[in-house]
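I opened this notebook to keep track of what I look up, one entry at a time. The structure comes first, and my entries follow it.

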Amino acid sequence: MEYVNPEGIREDGRRPLEMRHLHAEIGTVARADGSAVFEMGNTKVIAAVYGPREVQNRSQQLNDQALVRCEYTMPNFSTGDRMRKPKGDRRSTEISLVIRQTMEACILTHLMPRSQIDIYVQVLSADGGTRSACINAATLALADAGIPMRDLVTSCSAGYLNSTPLLDLSYFEDSAGGPDVTVGILPKLDKVTLLQMDARLPIDIFEIVVQLATEGCKAVANYIHEVLLENTKQLEYRRGL
Amino acid sequence: MVGLSAGEKHFIQGGIAQDLRADGRKRLTYRPIYVETGVIPQADGSAKVKMGATEVIASVKLDLARPNPSQPGKGKVSLFVSCSATAGPMFEGRGSEELSTELSVALQRCLLGGKSGAGAAFDPSCLSIVDGKLCWDAYIDGLVVSADGNLLDALGAAIKAALTNTRVPVANVPAGASLDEDPDVDLSSQETTRIDTSGVPVIVTLTKVGRHYIVDATSEEESQMSSAVSVSINKERRICGLTKRGGAGLDPSIILDMISVASHVSEQLMNKLDSEIAAAEADEQDI
């Protein structure tokens with residue numbers, strides 16, 4: 001099966017080191033404290049943040065830091081074939097956990113003890129890289145909510161097919177069964193917070209693929225910076241400054 | 001959700017009594033409606049509708065299947081609504097089940113018609129491929145992304161827009177193919193047909209607060225309601241479905257009055273929706 005044709009073009013017309021088109025919007029859910037929609041190609045994800053607010057379940061309250069909770073859901077219509085069970089299945093639980101741990105590492109939770117921050121991520125359309133799109137959307141939503149963070153978290157995936165490292169896999173390339181590496185970084189601090197991989201890779205190729213995914217993360221970080229700057233300018237303009 | 005104080009409740013009820021609601025609208029005025037079609041690339045048809053802060057998405061997906069033996073010339077249609085946790089923490093986990101079921105059943109009643117297929121919003125025979133052997137199953141899914149009252153009207157509008165946006169692929173079954181096992185259906189021709197949605201009704205919900213009815217209530221106004229009647233009306237001003245919610249009992253004459261008010265309002269809403277959907281479809285084609 002050919003994922004990269006002899007001229008070096010992938011199935012969706014991209015070059016191997018090219019990311020899909022990025023698009024983000026902030027503040028789409030008016031009732032939430034912060035919200036954002038993030039698109040990577042055909043993958044479209046909406047994230048909403050509620051908090052910091054009072055802890056609902058007293059037994060889970062932490063006295064020295066904020067409790068961060070996260071729920072990831074995919075509706076029936078988001079994938080090619082209609083899914084049966086949108087909530088509570090194993091994959092959703094695992095991804096909820098991954099997003100929670102990644103965001104918890106960068107939120108300054110010690111500033112908000114005895115409170116709770118809820119992050120709800122809803123996939124509208126899935127075409128590969130949903131994990132990364134969710135983390136990017138959650139970062140934007142947290143920024144929109146004004147929750148203090150050490151740095152933005154951005155994420156991107158990369159793989160290795162037909163002996164070529166590929167950036168930002170689509171669903172078609174992901175389902176090929178080749179290696180799929182997802183990386184999440186704190187761009188300014190230059191630290192890795194998330195690293196997941198499946199299938200097999202020789203170590204030297206692994207280093208190349210991780211480096212590629214990290215470059216992708218930095219490109220996403222630049223885009224997110226622009227979006228946040230534009231949003232702040234709009235807010236200033238509305239306040240008449 | 002933050003609770004309302006006694007003063008705020010009085011303000012909402014008083015405003016409605018004087019035909020000047022908290023956001024400046026009159027009793028029978030809708031919030032600005034914004035329609036966008038083709039929002040879900042993987043679906044065969046989809047639409048997003050915003051009414052103020054209420055935002056819902058509807059999608060239509062088609063799957064090949066065998067038709068029901070009792071209705072061999074028609075496809076099957078099913079409809080489900082779910083509420084996303086992004087609309088609020090009360091919808092987390094299983095919290096949305098009750099509201100989702102209530103909305104699903106009300107919409108099924110308005111749009112899918114009775115067991116015999118009578119009174120359905122659109123004719124399912126357009127989904128049939130080979131009589132008795134092969135048809136399209138249409139799965140209509142609604143998703144509430146942000147909730148600020150009047151979910152039923154918004155979902156009805158979104159489903160109407162999604163059905164208008166749906167492109168049914170033209171399936172060519174090779175002649176002489178055996179249809180008792182899975183046949184080789186040829187979907188390679190890029191042609192599509194559309195569903196005739198001129199008969200799809202709109203849903204108008206009238207919320208009774210004190211002695212007056214309002215249309216398109218926000219969730220603060222809904223918290224003050226005594227009862228609400230949702231009427232589904234089509235272009236010919238015929239009622240396709242009726243639901244009453246809320247604990248207070250209503251005099252039958254009041255219900256008849258609410259139905260006639262809904263019927264007047266539905267004409268404006270139907271025209272507004274039709275023009276918004278046409279504009280959204282034209283935008284989508286330009287892109």
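This is a predicted model: local features need pLDDT of at least 70, side-chain atom pairs count only at pLDDT 80 or more; totals for chains, interfaces and linings use all residues.

Entry on helix H5 of chain B. I found that H5(B) bends by about 25° at Val265(B). I then checked the length of helix H5, which covers residues 252–286 of chain B: at 1.5 Å a residue its 35 residues should span 51 Å, and because the end C-alpha atoms are 50 Å apart, the two values agree.

Entry on the contact between the chains. I looked up how many residues take part, and chain A gives 27 residues while chain B gives 30 residues. The area buried between chain A and chain B is about 2400 Å², and carbon and sulfur atoms give 54% of that area. I found 11 residue pairs in polar contact across this interface, counting pairs with both residues at pLDDT 80 or more. On the side of chain A that touches chain B, strands E3 (43–54), E4 (67–73) and E5 (115–125) each supply at least two residues, and the residues of that side divide into 10 nonpolar, eight polar and nine charged.

Entry on salt bridges. Between chain A and chain B I counted two salt bridges, and one that I looked up joins Arg69(A) to Glu92(B), with the closest N and O atoms 2.7 Å apart. Over all chains the structure holds 31 salt bridges.

Technical notes: Residues are numbered from 1 along each chain as its sequence is written. Chains are lettered from A and ligands numbered from 1 in the order in which they are written. Side-chain values use heavy atoms; hydrogens and water are left out. Helices (H or I, at least four residues) and strands (E, at least two) are DSSP runs, numbered from the N terminus. The expected span of a helix is 1.5 Å times one less than its number of residues. The bend at a residue is the angle between axes fitted to the seven residues ending there and the seven starting there. Contact means heavy atoms within 4.5 Å. Buried area is the accessible area (1.4 Å probe) that two parts lose on being put together, summed over both. A salt bridge is a side-chain nitrogen of Lys or Arg within 4 Å of a carboxyl oxygen of Asp or Glu. A polar contact is a pair of N or O atoms within 3.5 Å; within protein, one must be able to donate a hydrogen and the other to accept it, and residues adjacent in sequence count only if both atoms are side-chain atoms. Ala, Val, Leu, Ile, Met, Phe, Trp, Tyr, Cys and Pro count as nonpolar, Asp, Glu, Lys and Arg as charged, and the others, Gly among them, as polar.
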